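Please consider the following structure, which is taken here element by element.

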Amino acid sequence: MTELKQKLARLLLKLSYKEGDFTLTSGKKSDYYFDCKQTALHAEGGYLIGRLFFEMLKGYDVDGVGGMTLGADPLITGVTVVSHLEGRPLPGFIIRKKSKGHGTDQYLEGLANFREGDRVVLLEDVCTTGGTLITAAQRVRDAGLEIVGVLAVLDREEGGREKLKAAGLELDSIFTRQELLAAGQ
């Protein structure tokens, strides 16, 4: 495991990982909660996530990245900034939960940086059931972009990967829960 990944694991465990009794967005009960925004909005955490995602993206032929607001906003920013610094600029887009309702009435912000048919990777903080990602993917496809992969900070390993695969989406993650706990040791 890389030094950057170990540093990120320690930050995630300190700032984002909580054990207890929680109800998740999906409605499922869990003995832990993972609030990635706490780490993604931390200066070093945001950099580490952006750097690690950028390294993972080297395996993709991709024109940009995007994801669902609010969880993916800092992830997208981290990747776009790192990509610029590395000389491989990747623009980003953000998917709204609801269409704008005025002006262009679009679900996606940042489309001026893309052309129809561009290949993109979706970024996600936590994948549990995959439901949010499937909704987001449909909006991205409706906007004319091709999704070539999904990257998450944490895969909870609760069926999301399989549900995404059934919807034609391949998930890769920086950590699973077990990997995160092991890396933070």
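Predicted model: local features only at pLDDT ≥ 70, side-chain atom pairs only at ≥ 80, totals over all residues.

Within α1, the buried residues are Leu-8, Ala-9, Leu-11 and Leu-12. An α-helix has 3.6 residues a turn, so residues three or four places apart point the same way.

The sheet comes next. Six strands form an open sheet in the order β5-β4-β3-β6-β7-β8, and their pairing is mixed. Its edges are formed by β5 (108-109) and β8 (171-176), each of which pairs on one side only. Strands of a sheet pair through backbone hydrogen bonds, either parallel or antiparallel.

The pairings can be followed along the order of the sheet. Strand β3 (residues 64-68) pairs with strand β4 (residues 92-95) in the parallel sense, over four bridges. Met-68 has Ile-95 of β4 opposite it. Helix α3 packs on this sheet, where it touches β3, β6 (119-127), β7 (146-155) and β8, and its direction makes about 140° with that of β7. Helix α4 (residues 73-85) lies across β3, β4, β6 and β7, and runs at about 170° to β3.

Strand β3 also pairs with β6, again in the parallel sense, over three bridges. Gly-64 finds its bridge partner in β6 at Val-120. How much of β6 is buried? Eight of its nine residues are, so β6 is largely enclosed by the rest of the structure.

From β6 the sheet continues to β7, with parallel pairing over eight bridges. One of the residues involved is Val-121, whose bridge partner in β7 is Gly-149. The chain passes from β6 to β7 through helix α5 (residues 131-142), and this β-α-β crossover is right-handed.

Strands β7 and β8 are likewise parallel, and they pair over five bridges. Leu-151 stands opposite Asp-172 of β8. Strand β8 is mostly covered, with five of its six residues buried. Thr-176 belongs to this strand. With a relative accessible area of 9%, Thr-176 falls under the 20% limit, and therefore counts as buried. Its contacts, leaving aside neighbours within four places in sequence, are with Leu-154, Asp-155 and Glu-157.

**Helix α3 and Gly-46**

Helix α3 may now be examined in its own right. Its 15 residues should span 21 Å at 1.5 Å a residue, and the end C-alpha atoms are 21 Å apart, which agrees. The helix is mostly covered: 11 of its 15 residues are buried. Among them are the glycines Gly-45, Gly-46 and Gly-50, together with Leu-48, Ile-49, Arg-51, Phe-53 and Phe-54.

Gly-46 lies in α3, which comprises residues 43-57. Is this residue buried or exposed? Its relative accessible area is 13%, so Gly-46 is buried. Leaving aside neighbours within four places in sequence, Gly-46 is in contact with Thr-39, Ala-40 and Gly-78. The C-alpha atoms of Gly-46 and Ile-76 are separated by 9.8 Å, although these residues are 30 residues apart along the chain.

**The cysteines**

How many disulfides does the model contain? The count comes to zero. The sulfur of Cys-36 has its closest cysteine sulfur in Cys-127, at 13 Å, which is too far for a bond. The cut-off that this reasoning needs is a sulfur separation within 2.5 Å. Cys-127 is accordingly in no disulfide, the nearest cysteine sulfur being that of Cys-36, 13 Å away. Cys-36 has a relative accessibility of 1% and so counts as buried. Cys-127 also counts as buried, because its relative accessibility is 1%.

Key: Residues numbered from 1 in each chain as written. Heavy atoms only, no water. Buried < 20%, exposed > 50% of the residue type's maximum accessible area, 1.4 Å probe, protein only. Helix = DSSP H or I, 4+ residues; strand = E, 2+ residues; numbered from the N terminus. Contact = heavy atoms within 4.5 Å. Pairing = 2+ DSSP bridges. Axes fitted to C-alpha atoms, helices over the stretch in contact; angles between N-to-C directions. Right-handed = clockwise from strand over helix to strand, strands pointing away. Expected span 1.5 Å × (residues − 1).
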